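Subject: Structure handover

Hello,

Please find the structure below, followed by notes on what was found in it. Keep it open while you read.

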Amino acid sequence: MTGLEAIAAHNGWSIAIVGVTIVFTGLAMLSIILSQLYKVLDFWENRDDFFKRLKRGDAAEDLPDITVSPDMQETVRQYQMLADRLGEPFSLPKLLDFAQKCGLVNPHATINRLLKQNVIVPDGEGYYRWHQAISG
Amino acid sequence: MPTDIQTLKSLDLFEELTSEELTQIAPMIHPMKISEGELLTQRGEPATVFYVALKGNFIISFKDGQAFTLHNRGDIIGWSTIVTPFLYTGTAVALTDGEVLALNGDDFLQVIQGESSIGDKIMSKINPIIAERVPYFSRDKARRDLPPAETE
């Protein structure tokens, strides 16, 4: 017995399908791992920052809940859009500068209001973040 | 117009001064109205005026975008007027309209250096504030002191 008949008689087709499946599954997993590898490397390089953020996160949980008044919601949205360009934590003077350049009304007083309402909170290192309830 | 003694006495910075001492320094302290966005001090510029906040909110910013804000009566701005090299370490801007007491830096330094009792009492209040703020401008200094290749 030779050829296709022999392959069929000794489960050759099944073995071939299983083999192909194993190889393609392996390749797919490998490609997924490689595509996410930069995140692992980034985490490893910035692991100190991560643990600092973790500590700050614990502290942030102690922050009081906040409720943004309806008239402030649009303001928060505008300032969040500006702050997005700065990343987080962000520099408050730079946010102020952006707001002035964009022609927003009373940027100083507005930022003061956001600070007083705990919408923007200091990170303890001279920079600022959005309250978890806002950024989350 | 000089500030009244009661106002000075109510401020943490001057609370330990006797009535005679307050009377002595009152003529050199002047209230000033401040507008939103007004610049009080500019980092790196000669420190010529010392401010004590009466009303309003202020932001003090440093190199690299670090900053902190002041919201309380009695907060001080411009301690560099009495500490060498007499250059402002931060830029102070009013976040809201407010009111401050302004002291000419030279006069203030003269009183602190010339009147040991007043100087000791005031410096005992200012020193902890300077210590709190040192991390902000010392990071600036540390970066400035690095060789050029490392600062890039």
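Helices (H or I, at least four residues) and strands (E, at least two) are DSSP runs, numbered from the N terminus. The model is predicted, so local features need pLDDT of at least 70 and side-chain atom pairs count only at pLDDT 80 or more, while totals for chains, interfaces and linings use all residues. Residues are numbered from 1 along each chain as its sequence is written, and chains are lettered from A and ligands numbered from 1 in the order in which they are written.

Chain A comes first. Seven helices and two strands make up its elements, and from the N terminus on their order is α-α-α-α-α-α-β-β-α.

Helix H6(A) is worth a look. Its buried residues are Pro107(A), His108(A), Thr110(A), Ile111(A), Asn112(A) and Leu114(A). They pack against helix H4 (70–84), H5 and strand S1 (120–122) of chain A, and also against strand S7 (91–94) of chain B. Just after H6(A), Asn118(A) has a positive phi of about 60 degrees.

Next, the interface. Two residues are in contact if their C-beta atoms, placed from the backbone, lie within 7 Å. On this basis, 13 residues of chain A meet 16 residues of chain B. On the chain A side, helix H5 (92–101) and helix H6 (107–116) each give two or more residues, and H6(A) has the largest share, with five.

Then the core. A nonpolar core is a set of buried Ala, Val, Leu, Ile, Met, Phe, Trp, Tyr and Cys residues joined through C-beta atoms within 7 Å. The largest one has 50 residues, and among those that touch the most other members are Leu95(A), Tyr51(B) and Ile77(B). Strand S3 (residues 49–55) of chain B gives the most to this core, five residues. Leaving out residues up to four places away in sequence, Ile77(B) touches Leu40(B), Thr41(B), Tyr51(B), Ala53(B), Phe58(B), Ile60(B) and Ala92(B).

Last, a sheet in chain B. Two strands pair if DSSP finds at least two bridges between them. Four strands form an open sheet in the order S2-S7-S4-S5, with antiparallel pairing. Strand S2 (39–41) and strand S5 (67–70) are its edges, each pairing on one side only. Strand S4 (residues 58–61) is joined to S5(B) by four bridges, and Ser61(B) has Ala67(B) as its bridge partner in S5(B).

Regards

Note on methods:
A residue is buried if 20 or more other C-beta atoms lie within 10 Å of its own, exposed if 12 or fewer, and partly exposed in between; C-beta atoms are placed from the backbone.
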